[in-house]
Each structure stands twice: as C-alpha cells, then as structure tokens.
Amino acid sequence: MKQKMRIKLSVNSEKCRKKAMQVAVAADGVTSVAMEGEFQDELVVVGDGVDSASLIMALRKKACHVTLETLEEVKKPQVEEKSITPHCCIAQCPVVSNEQPRPEVYRIVHDSYGPTTGCLVM
C-alpha cells in the first residue's frame, strides 16, 4: 500500500531541511521525498510500507521538531478500457501514393585492361 505523508517542520532553517531530507531518504520503503509549502517547511514523503511513527521519531531525534500533518493512501488511477481509441494497423490501411515509379538506371563499366582478357564487367 503506497502512502503519502505531509510532515510540517517547526524550524525553518536550511540545516534542518537538509537533515530532514537525509533522514527521510534513508527510511525503509521511501520512494520519493520533496520539500513543499510557501516557506519550504513541509516535507512530503511517498513510499510503500513506510512506518510513519518511526520516521517521525527519527526526524525528531536527528533533525528538528516535526509534526505529522496528513497521512493518506495513494491510489493508482484506473484506466477504462473503453477510453482507448482503436487504431488502424499499417497492413490493413490502404496506401494512397501519387508518386510515379522511378526507372532503374544501370551504368555499363568496361574493363580497363581491354578486350584481350575476355572479361567484361557490367
């Protein structure tokens, strides 16, 4: 089950943000981490099977004071089979071409040694 956590950082400093990102990336099951919010004070963590309680405790211990704002399950959008438009295969489509066939041009090349060798190259 994929989940998305929005964690509010209480201290708005670059050092706190960087340390919080490092702790979140190192957690088991995390697939993406991003900073959001007006003041870049919200950490958004997306992962599969992430233990939110242990992540919050690790952030409080190693980075700064944090608060879990939201925890929600991320659902994959379902694609309806009817919404896919049918397409035409190349083998089934008629080919319309107004281009005329080009004549093949051959050039005769004579042997440089002359007719005495009995070899003609075409």
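Tutor: Let's start with the sheet: four strands make an open sheet, ordered β2-β3-β1-β4, with antiparallel pairing. Keep in mind that this is a predicted model.

Student: What makes β2 and β4 the edge strands?

Tutor: β2 (30–36) and β4 (66–73) each pair on one side only. As for the twist, it averages 20° from one strand to the next.

Student: How do you know that β1 and β4 are paired?

Tutor: Two strands count as paired if there are at least two bridges between them. Strand β1 (residues 2–9) is joined to β4 by seven bridges, so the pair passes that cut-off. They run antiparallel. For examples of residues facing each other, Arg6 stands opposite Thr70 in β4, and Ile7 stands opposite Leu68 in β4.

Student: And what makes β1 and β3 a pair?

Tutor: Seven bridges link β1 and β3, again in the antiparallel sense, and the cut-off is at least two. One of the partners you can look up is Asp48 in β3, which bridges to Lys2.

Student: Which residues of β1 are on its covered face, and which are on the uncovered one?

Tutor: Gln3, Met5, Ile7 and Leu9 are on the covered face, while Lys2, Lys4, Arg6 and Lys8 are on the uncovered one. Helix α1 (residues 14–26) lies across β1, β2 and β3 (42–48). The helix runs at about 165° to β2.

Student: Why is Val11 called partly exposed?

Tutor: Its relative accessible area is 40%. Buried would mean under 20% and exposed would mean over 50%, so Val11 lands in between and is partly exposed.

Student: Where is Val11, and what does it touch?

Tutor: Val11 is in the loop between β1 and α1. Leaving aside neighbours within four places in sequence, Val11 is in contact with Cys16 and Cys64. Also, Val11 and Asp41 are 30 residues apart along the chain, yet their C-alpha atoms are separated by 7.9 Å.

Student: What about the largest nonpolar core: which residues touch the most other members?

Tutor: The core has 18 residues, and Ile7, Leu43, Val45, Leu55, Leu59 and Val66 touch the most other members. At least two residues each come from β1, α1, β2, β3 and α2 (52–62), and α1 gives the most, with four.

Student: What does Ile7 touch?

Tutor: Not counting residues up to four places away in sequence, its contacts include Leu43, Val45, Leu55, Leu59 and Val66. Leu68 in β4, which stands opposite Ile7, is another residue that Ile7 touches.

Note on methods:
Residues are numbered from 1 along each chain as its sequence is written. This is a predicted model: local features need pLDDT of at least 70, side-chain atom pairs count only at pLDDT 80 or more; totals for chains, interfaces and linings use all residues. Side-chain values use heavy atoms; hydrogens and water are left out. Axes are lines fitted to C-alpha atoms, for helices over the stretch in contact, and angles run from 0 to 180 degrees between N-to-C directions. Contact means heavy atoms within 4.5 Å. Buried means under 20% relative accessible area, exposed over 50%, partly exposed in between (1.4 Å probe, protein chains only). A nonpolar core is a set of buried Ala, Val, Leu, Ile, Met, Phe, Trp, Tyr and Cys residues joined through side-chain atoms within 4.5 Å.
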